[in-house]
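Please report on the architecture of this model, working from single residues up to domains and chains. Keep it brief.

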Amino acid sequence: MFLENAKVQSITQLGTNIFLLTLISEKIAAHAKPGQFVNVKISNTSFPLLRRPFSICKVAEDSFSIMFVSIGSGTSALQNKQPGEILDVMGPLGNGFSINDKFNKAIIVAGGIGAAPFPFLISELLKSKKEVYCLTGAKTKTDCITYDMINVSTATDDGSLGFAGNVVELLASKIDEINEGTVKIFGCGPNAMLKSLQHFCAEHSLESEISTESSMACGYGICQGCPIESTKNKDKFLLVCKDGPVFNAKDIELP
Amino acid sequence: MSDVDLSVSIGSLHLRNPILLASGTVGYGNEIAEFIDLNKIGGIVTKSLSLKPRKGNLPQRVVETPSGMLNAIGLANIGVEEFLNIKIPFLKKFDTKIICNIAASSIEEYVDCTKILTTEETISAFEINISCPNVKQGGLEFGHDKKAVSRITEAVKSETSKPVFIKLSPNVSRISEFALAAKEAGADAVSAINTLVGTAFDINTCKPKIKNITGGLSGPAIKPVALAKVLEIKRNVDIPIIGIGGIFSWQDAVEFMIAGASAFQLGTVNFVHPNISETMINDLILYCEKKKITSIKNLTGSYIL
């Protein structure tokens with residue numbers, strides 16, 4: 001884990017309010033694993049005061065990128081960053097996805113900005129010679145993120161792009177054709193979507209890992225601000241920042 | 001090497017410098033040790049310990065507010081036994097003062113915790129949390145009752161020869177009266193302040209942003225309040241004060257010492273800048289050199305009103 005003053009290399013708009021910010025940091029790029037995150041101090045003033053956590057979206061030799069939706073005060077300040085500006089970044093943090101276990105087909109299931117960790121994961125999966133299929137969904141066409149995905153099918157709640165319905169319903173509609181060989185599901189998105197994905201995977205006995213999100217103050221395990229219920233030990237919460245953000249879907253009970 | 005002496009004493013506890021890390025913002029030291037050399041700071045105050053492990057409150061536990069944050073963790077902790085078995089072996093490796101914070105829901109529990117923990121030589125002192133705003137039992141109830149403050153202080157003091165600091169609640173009208181109660185019952189120092197009770201609402205759902213409804217406000221937003229409380233204690237009660245509340249820079253820390261603090265604790269800032277406790281050492285030396293202060297102790301209560 002590093003504290004880096006990372007220079008903004010580029011900021012690209014990917015959709016209506018969706019941005020890709022690339023920061024220069026050899027150390028973070030070299031040590032990051034898919035599914036890990038960085039905690040970013042958006043300004044050097046006390047507004048916003050706390051760092052903001054973002055999944056690592058992709059890495060290059062000396063840089064890494066984060067993908068975000070400009071939605072609150074922090075992210076709207078972030079979208080205005082210019083190349084050359086310096087951001088104070090902590091990372092890589094948390095536990096990422098496991099890609100070395102026995103499966104030959106990875107199914108990516110992304111809801112909205114839940115697409116963020118997957119470009120990095122997909123590139124690592126391909127290096128490990130896994131077959132990759134991507135399902136991505138959103139409320140409407142303009143929010144649907146397919147960035148750096150392959151073999152991609154889309155779903156929108158309003159039917160403006162691809163399958164009409166949510167992304168877990170899209171998965172259900174395709175499962176018979178996809179579910180051959182040893183399959184592993186990788187999910188990220190809003191809690192409601194992840195819950196329904198957990199349910200679906202349990203019903204179909206599918207191995208799955210999901211990346212969760214939570215409000216947090218520190219990102220490295222000391223504030224105890226990001227508890228998540230464990231299915232294995234009811235006496236103790238797990239922490240999204242340190243025990244996650246990626247969990248085996250069977251191990252957690254989403255709020 | 002600088003000639004400035006940064007060492008301070010709080011009762012019989014000697015610190016290499018006045019920089020302490022506040023309870024609840026450093027866990028039990030292992031995570032923050034990835035960012036700083038614990039051997040360079042005065043000491044750390046552990047996350048509040050209770051006799052048995054506590055799961056803590058349901059999420060959402062934290063939310064950012066203007067220049068601050070609300071938290072309602074609910075004293076989630078591993079309990080005395082696991083602390084001694086798992087955390088102490090790690091902490092033993094460092095030459096820094098370990099101040100053990102205890103939170104309990106009865107006087108008996110404070111006594112039981114102290115009795116067990118005082119035998120561990122790695123622990124240099126105790127900080128008694130009588131002011132957690134986020135648990136129903138204990139905590140705040142005690143902190144708002146001067147008689148309870150006296151009784152708890154006396155009970156804990158009778159179980160240990162180590163220094164005992166009482167962490168005071170700012171959610172009272174006269175904090176100095178509570179500092180006096182602690183002093184008269186034998187406390188070696190007071191830590192001031194704990195968090196201020198606050199809340200925030202989501203305007204779309206009309207629900208509180210914190211599951212516990214209210215939380216404890218910390219961060220730069222509370223610094224002026226904390227400074228006023230430290231000053232109030234300093235002007236009314238002769239007891240060492242450990243200043244806490246929204247310190248985000250070395251300048252903030254100096255303000256607390258001027259207002260009357262013998263040492264200070266860094267809290268919320270550890271979440272944002274986990275290495276600040278180490279980086280501010282040099283800034284404090286430079287400040288003292290510039291002001292021709294040979295010993296930082298001389299800063300304590302140096303206000304000119």
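A:Gly165 sits in the loop between strand E10 (163-164) and helix H4 (167-178) of chain A. Helices (H or I, at least four residues) and strands (E, at least two) are DSSP runs, numbered from the N terminus. This residue is partly exposed, with 16 other C-beta atoms within 10 Å. The scale runs as follows: buried means 20 or more other C-beta atoms within 10 Å of the residue's own, exposed means 12 or fewer, and partly exposed lies in between, with C-beta atoms placed from the backbone. Leaving aside residues up to four places away in sequence, A:Gly165 touches A:Ala155 and A:Leu170. Contact here requires C-beta atoms, placed from the backbone, within 7 Å. A:Ala138 is 27 residues from A:Gly165 in sequence, and their C-alpha atoms are 9.0 Å apart.

The model is predicted; local features need pLDDT of at least 70, side-chain atom pairs count only at pLDDT 80 or more, and totals for chains, interfaces and linings use all residues. Residues are numbered from 1 along each chain as its sequence is written, while chains are lettered from A and ligands numbered from 1 in the order in which they are written. The model scores ipTM 0.95 and pTM 0.96. Chain B averages a pLDDT of 95, and 96% of the residues score at least 70. pLDDT is the predictor's confidence in each residue, from 0 to 100.

**Helix H2 of chain B**

Which residues of helix H2 (residues 107-117) of chain B are buried? They are B:Tyr110, B:Cys113, B:Thr114 and B:Leu117. These residues lie on the same side of H2(B), because they cover an arc of only 95 degrees around the axis. The arc is that of the directions from the helix axis to the C-beta atoms. An α-helix has 3.6 residues a turn, so residues three or four places apart point the same way. The cover over the buried residues of H2(B) includes helix H1 (79-91), strand E7 (97-103), strand E8 (123-129) and helix H4 (146-157) of chain B.

**Strand pairing**

In chain A, three strands form an open antiparallel sheet in the order E14-E13-E16. Strand E14 (237-239) and strand E16 (252-253) of chain A are at the edges, each with a single partner strand, so one side of each has no neighbour in the sheet. Two strands pair if DSSP finds at least two bridges between them. The table gives antiparallel pairs from both chains.

| Strand | Partner strand | Bridges |
|---|---|---|
| E13 (residues 227-230) of chain A | E14(A) | three bridges |
| E6 (residues 68-71) of chain B | E12 (residues 215-218) of chain B | three bridges |
| E11 (residues 196-198) of chain B | E12(B) | three bridges |

A:Leu238 in E14(A) is the bridge partner of A:Ile228. In E12(B), B:Ser218 stands opposite B:Met69, and B:Gly215 is the bridge partner of B:Gly198.

**Domains and chains**

Chain A is divided into domain 1 (2-93) and domain 2 (105-211). These bounds come from an automatic or database domain assignment. The domain centres, taken over C-alpha atoms, are 24 Å apart. Domain 1 of chain A gives 14 residues to the contact, and domain 2 of chain A gives 15 residues. On the domain 1 side, strand E4 (52-59) and strand E5 (63-69) of chain A each supply at least two residues. E4(A) gives the most to that side, with five residues.

The contact between the chains takes 24 residues from chain A and 28 residues from chain B. The chain A side divides into 14 nonpolar, six polar and four charged. Ala, Val, Leu, Ile, Met, Phe, Trp, Tyr, Cys and Pro count as nonpolar, Asp, Glu, Lys and Arg as charged, and the others, Gly among them, as polar.

Conventions. Contact = placed C-beta atoms within 7 Å.
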